[in-house]
Structure formats: structure tokens, C-alpha cells
Amino acid sequence: MKSQKIFCSACDREVRVLITDPAPMEGPATLHDEEIVCLEIGEQCTGSLCPIGATAPNAMVSRLIRNGLPLDGMRTVRSLCPSCGLENEMALYGEGRAACTVCGSPARWTLEHAEPI
């Protein structure tokens with residue numbers, strides 16, 4: 001993987017990205033080319049399209065998870081994933097959006113209420 005800094009028009013600043021290595025070209029299966037993975041996706045990403053990867057923010061989070069990259073810049077909460085049914089960490093991004101850190105599926109995140117300790 002190659003690391004670079006690219007200007008993000010949504011954040012109006014330079015962000016860190018990784019460019020994944022292409023998959024080996026063995027076998028008859030359709031293989032993915034290189035992908036751009038933004039390492040700074042998070043709560044500030046409120047649009048429906050990431051200008052860097054030309055994809056929805058949930059797809060960018062899925063790329064992070066699929067490539068086994070750290071979710072250092074993202075807040076996480078422990079919750080039940082509606083897709084895989086496992087209770088695990090959900091990465092929060094955008095406005096009320098989350099992604100399962102196991103299967104990468106997107107979900108809506110709402111906080112019903114907070115109770116005092």
C-alpha cells in the first residue's frame with residue numbers, strides 16, 4: 001500500500017489516504033483494482049459522496065475494514081449489528097451513521113437517551 005496526502009474538497013484540507021495494492025491476477029474471478037482509502041473519514045463526513053474515493057462514506061468505511069486498517073480517527077461504540085447479528089464495535093461517521101467493524105455493513109446510529117452515572 002502507498003501512503004499519500006490528498007486535498008479533500010469536502011473537508012477543505014489535506015487528508016491522509018492509502019492506495020491499496022491491486023489483487024494478484026490469478027484465476028478466473030473478477031478482481032479489484034487499486035482503491036483509495038481515506039484514513040481521516042469520520043464525523044465531519046456528512047455528504048452523500050466522498051470526493052476522494054468517489055463513493056459513499058459507508059463504502060469508504062467498508063474499505064478501511066476490508067483492508068484491515070486501523071480505525072484510529074473514528075469513534076466507536078459497542079452495539080448489535082443489524083446485518084450480521086453480532087455484538088461488536090460500530091465505527092461512527094457522518095451524521096447518525098455507523099458501520100460494523102466485523103462485516104462492514106452500514107447502519108443508522110441513534111442515541112435514545114443518556115443516563116447519569
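**Figure 1. Strands E1 and E2 pair in the antiparallel sense over seven bridges.** Welcome to the first close-up of this predicted model. Strands here are DSSP runs marked E of at least two residues, helices are runs marked H or I of at least four residues, and both are numbered from the N terminus. Two strands count as paired if DSSP finds at least two bridges between them. Strands of a sheet pair through backbone hydrogen bonds, either parallel or antiparallel.

Two notes apply to every view. Residues are numbered from 1 along each chain as its sequence is written, and side-chain values use heavy atoms, with hydrogens and water left out. Because the model is predicted, local features need pLDDT of at least 70 and side-chain atom pairs count only at pLDDT 80 or more, while totals for chains, interfaces and linings use all residues.

**Figure 2. The turn of the E1–E2 hairpin holds Asp12.** Four residues separate the two strands of this hairpin. Asp12 lies in the loop between strand E1 (2-8) and strand E2 (13-19). Is Asp12 buried or exposed? Asp12 is exposed, because its relative accessible area is 59%; buried means under 20%, exposed over 50% and partly exposed in between, using a 1.4 Å probe and protein chains only.

**Figure 3. Strands E1, E2 and E3 form an open sheet in the order E1-E2-E3.** The pairing in this three-stranded sheet is antiparallel. E1 and E3 are the edge strands, each pairing on one side only. From one strand to the next, the twist averages 40°; axes are lines fitted to C-alpha atoms, for helices over the stretch in contact, and angles run from 0 to 180 degrees between N-to-C directions.

**Figure 4. A second open sheet contains four strands in the order E4-E5-E6-E7.** Here too you will find antiparallel pairing. Which strands sit at the edges? They are strand E4 (75-80) and strand E7 (106-108), each of which pairs on one side only. With direction ignored, neighbouring strands of this sheet are turned by 40° against each other on average. E4 and E5 pair over six bridges, and Thr76 stands opposite Ala91 in E5.

**Figure 5. Helix H1 (residues 57-66) is largely enclosed by the rest of the structure, because seven of its 10 residues are buried.** The buried residues of H1 are Pro57, Met60, Val61, Ser62, Arg63, Leu64 and Ile65. What covers them? The cover includes strand E3 (36-38), strand E5 (87-93) and strand E6 (97-100), where contact means heavy atoms within 4.5 Å. After H1 comes Gly68, whose phi is positive, near 70°.

**Figure 6. The loop between E3 and H1 includes Glu43 and Ala54.** Glu43 counts as partly exposed, because its relative accessibility is 40%. Leaving aside neighbours within four places in sequence, Glu43 is in contact with Arg75, Tyr93 and Gly94. How far apart are Glu43 and Leu92 in sequence and in space? They are 49 residues apart in sequence and 7.0 Å apart in space, C-alpha to C-alpha. Ala54 has a positive phi of about 50° although it is not a glycine, and with a relative accessible area of 59% Ala54 is exposed.

**Figure 7. The largest pocket has a volume of about 170 Å³.** On a 1 Å grid over the protein atoms alone, a pocket is an open set of points with protein on both sides within 12 Å along at least five of seven lines, and its lining residues have an atom within 4 Å of a point. Grid points are joined across faces, edges and corners, and the volume is the space filled by probe spheres set on the points. How many residues line the largest pocket? There are 15, and Ala10, Cys45, Leu49, Cys50 and Pro51 lie nearest its centre. The lining divides into 11 nonpolar, three polar and one charged residue; Ala, Val, Leu, Ile, Met, Phe, Trp, Tyr, Cys and Pro count as nonpolar, Asp, Glu, Lys and Arg as charged, and the others, Gly among them, as polar.

Terms used: 1 Å grid on protein atoms, 1.4 Å probe; cavity = no way out; pocket = protein on both sides within 12 Å on 5 of 7 lines; lining within 4 Å.
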